Amino acid sequence: MARILVLLICLAMIGFIFWWFFGKHEVASATADVADNKQSVDVEVKGGYSPEVVTLKKGVPATLNFTRKDASSCLDRVVFSDFGINKELPQNEQQSIEIDTSKAGEYQWACGMDMFHGKVIVK
Amino acid sequence: MTITKRFWISLIFSIPMLIGMILMPFGIMVPGSEWIQFLLTTVVMGVAARPFMDSAWSSFKKHHSNMDTLVAIGTATAYIYSIYAMFTHQAVFFESAAFVVTFVLLGQVFEERMRNNASNAIEKLVDLQAKDAEVMRNGQLVRVPLSEIVAGDVIRVKPGQKIAVDGVITEGNSTVDESMVTGESMPVAKNIGDKVIGSTMNSNGTFMFKAEKVGSDTMLSQIVELVKKAQNSHAPIQNLTDKVSEIFVPLVLSLSILTFTVWYVFLGASVATALIFAVSVLVIACPCALGLATPTALMVGTGRGAKMGILIKNGEVLEDVNDVTTVVFDKTGTITKGKPEVTDIIGDEKQVLTIAAALEESSEHPLAAAILDKAQAEQIQAATVSNFQAIEGKGVSATINQQQAFVGNDKLLNEIKIDSELNKQMIRLQDEAKTVVFVGVDQRIVGLIAIQDAPKETSKEAIATLKARGLRTVMLTGDNERVAKAIAQDVGIDEVIADVLPGDKADHVEALQKAGKVAFVGDGINDAPALTMADVGIAMGSGTDIAIESGGIVLMKNDLRDVAKALELSKKTFNRIKLNLFWAFVYNVLGIPVAAGIFYTFGLTLSPELAGFAMAFSSLSVVTSSVLLNKAKISGDVKTA
């Protein structure tokens with residue numbers, strides 16, 4: 001009897017894992033505020049990026065301010081492969097990254113190991 | 001707390017347990033050892049493993065998972081179960097949790113160091129810059145920092161000093177060691193009018209030069225920018241790992257639960273045994289090795305290329321190089337020196353040169369430069385022309401003294417007849433691999449100018465190396481067939497496609513692509529479409545900006561032998577990526593079933609500690625393999641490979 005109960009609990013856990021990680025969930029997104037022909041967004045790095053999707057206005061110089069609060073070495077770099085940016089993020093230090101907004105499009109960013117992803121949308 | 005500190009704490013508190021484990025087979029049992037283990041492991045879990053938990057939890061809240069998720073759940077399970085077991089007087093395995101944390105941290109310490117190693121190459125390039133320079137300001141030489149130098153400044157360079165920025169020599173001469181930028185090991189002689197490159201080393205002379213490019217415009221800055229982009233570019237092969245890494249951790253979590261279920265529910269194992277298998281599965285799975293496989297190899301490969309004067313622009317190029325079967329060369333400036341000289345003039349030398357020089361004055365064709373040089377050497381005054389007109393791919397025409405004059409190649413002959421004496425001369429010159437230019441007035445040819453652009457000394461060797469590798473070599477040129485064939489024979493190229501109009505180069509490349517992937521080597525503006533069309537575009541660094549922009553690989557030394565080196569380096573880097581991915585997959589594909597206890601009946605199992613060690617080792621081995629790419633042998637001059 002106990003074994004059947006364990007079996008059911010285990011199956012439920014697997015079900016939960018699939019729903020939690022693969023189900024559709026809303027991602028944190030943000031749109032930059034434009035002031036003085038400049039735009040910037042603060043990105044917190046903790047178990048991923050929040051916001052995860054950043055929308056920027058085309059043609060306005062933009063800065064993303066990354067602050068890593070997570071001790072994990074998984075997140076200790078941020079890489080924008082389209083812009084050739086690979087920046088170290090020392091823990092609890094704000095690092096500014098200039099984004100070229102001259103061309104509209106979607107640009108992925110990732111952690112140094114390509115496990116966590118975020119996205120800049122320029123439009 | 002840094003990873004290194006966490007590692008040491010973890011190690012120090014794990015060692016007593018390790019000693020206890022070693023003593024156990026000898027029958028020595030420390031009294032109350034369970035309590036000691038509990039306290040030691042609590043410190044390890046609370047201090048060293050705490051960040052794993054934090055990170056795992058914050059990613060969990062965002063519906064993400066990472067390696068920390070696996071480590072956190074794995075060690076926490078072992079720890080919490082052991083506390084329960086301790087109170088119910090069953091066997092505990094605190095040490096598993098502590099050892100796994102120690103091993104994982106050890107792996108990360110090394111990995112961090114290796115990763116920094118891999119990305120250092122570029123910072124070293126930037127460090128090459130001079131810090132300051134002696135600049136002429138208000139008629140006096142003053143020492144100013146690099147950042148204050150502007151274009152137009154005149155700068156003095158003394159022997160042994162570094163040249164601060166890019167510019168042109170205005171006074172004096174010297175030899176300069178440009179190896180740091182071009183990879184060329186021989187010092188280069190520089191005279192007035194010659195360009196110097198910032199960050200290169202002046203050797204014996206003193207000279208003054210005018211700054212042309214400063215700051216981010218200098219060649220070094222451009223190279224650094226290019227390499228940075230390449231190092232962080234996304235190789236197509238990574239798309240696979242991207243997909244895998246998204247689902248990897250949740251799948252492993254599910255597998256681990258499944259392992260527990262199968263052992264406990266279906267095979268009737270004890271909770272402890274089933275848990276050990278489940279924890280091993282969590283701990284051996286290593287998504288990091290998969291994620292690190294490509295970027296680290298790309299970083300080291302492109303960095304090494306930069307040091308050799310070979311700039312590989314992105315990961316895509318590396319993949320394409322692997323399947324290249326044909327290498328197509330542009331002739332002028334690529335196989336040859338690109339500095340043609342007038343060797344013979346047939347007809348009335350003065351008249352021929354006067355007309356030719358006048359017409360070619362506004363042309364940018366390399367052959368024009370040769371004619372103008374000759375005219376200058378002979379002190380011939382160019383006549384004034386009007387109605388200047390370029391005939392694409394054929395030549396130019398204009399009006400001189402109310403007469404229609406023209407200069408061009410043999411394609412003009414479709415419209416204009418040539419007498420047999422000149423024709424004979426033409427054939428003789430062309431057989432000597434000389435390009436013949438026709439000079440005419442009023443539909444009549446008055447003379448011939450023979451121009452020769454000799455092959456570079458290294459071209460022959462370069463072609464031989466490529467052929468030894470089993471590659472098909474083709475020369476593509478706008479020159480006529482006889483000249484092209486003579487040069488091709490000289491350097492050993494198999495096939496010649498001559499008389500190609502500038503606009504048609506890309507089409508010929510496309511045609512060649514039907515037989516396999518094509519690499520195109522070129523330098524001119526007219527090569528840009530072909531460089532883009534080819535699977536791998538290799539641009540000569542001396543070439544035009546647009547060619548460099550279009551190429552996937554840039555050879556800073558302009559040495560054709562580097563084509564073979566570039567291909568080899570790309571291949572090696574790509575193979576290393578494949579090897580890394582192979583290992584990363586093997587670790588997981590083999591490790592997980594073993595950890596799950598599938599081979600239990602054969603006596604093959606993995607304890608959580610060993611699984612933790614294997615996991616730490618997997619990322620480390622991938623990064624190490626990438627760094628070793630720095631040591632891989634790249635010898636472009638191996639004749640038989």
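These legends walk through several close-up views of a predicted model. Local features are kept at pLDDT of at least 70 and side-chain atom pairs at pLDDT 80 or more, while totals for chains, interfaces and linings use all residues. Residues count from 1 along each chain as its sequence is written, chains are lettered from A in the order written, and side-chain values rest on heavy atoms, with hydrogens and water left out.

**View 1. Where chain B meets chain A.** The contact (heavy atoms within 4.5 Å) draws 50 residues from chain B and 37 residues from chain A. Between them the two chains bury about 3800 Å², 63% of it on carbon and sulfur atoms; buried area here is the accessible area (1.4 Å probe) lost on putting two parts together, summed over both. On the chain B side, His63(B), Asn232(B) and Ile257(B) give up the most area to chain A, together 17% of what that side buries.

**View 2. The chain B face, in more detail.** How many salt bridges does the rule find across this interface? It finds zero, taking a salt bridge as a side-chain nitrogen of Lys or Arg within 4 Å of a carboxyl oxygen of Asp or Glu. Six residue pairs do turn up in polar contact, both at pLDDT 80 or more. That term means a pair of N or O atoms within 3.5 Å; within protein, one must be able to donate a hydrogen and the other to accept it, and residues adjacent in sequence count only if both atoms are side-chain atoms. Helix 8 (238-266) of chain B is among the helices that each supply at least two residues to this side, and it brings the largest share, 16 residues. Helices (H or I, at least four residues) and strands (E, at least two) are DSSP runs numbered from the N terminus. By type, the chain B side splits into 19 nonpolar, 19 polar and twelve charged residues; Ala, Val, Leu, Ile, Met, Phe, Trp, Tyr, Cys and Pro count as nonpolar, Asp, Glu, Lys and Arg as charged, and the others, Gly among them, as polar.

View 3. Residues 91-110 of chain B are 85% helix and 0% strand, with end C-alpha atoms 34 Å apart. For residues 610-629 of chain B, the end C-alpha atoms lie 28 Å apart and the span is 90% helix and 0% strand.

**View 4. A three-stranded open sheet in chain B.** The strands run in the order 6-5-8, with antiparallel pairing; strands pair if DSSP finds at least two bridges between them. Strand 6 (188-190) and strand 8 (201-202) of chain B sit at the edges with a single partner strand each, so one side of each has no neighbour in the sheet. Strand 5 (residues 174-177) joins strand 8 over two bridges, and Asp177(B) stands opposite Met201(B).

**View 5. Asp344(B) and its surroundings.** Asp344(B) lies in strand 12 (residues 341-347) of chain B. Its C-alpha atom is 5.9 Å from that of Ile449(B), 105 residues away along the chain. The Asp344(B) side chain makes polar contacts with the side chains of Thr343(B) (2.7 Å) and Lys434(B) (3.3 Å).

**View 6. A cis peptide bond in chain A.** The bond from Ser50(A) to Pro51(A) is cis, with omega near 0°. Pro51(A) is in the loop between strand 4 (49-50) and strand 5 (53-56) of chain A.
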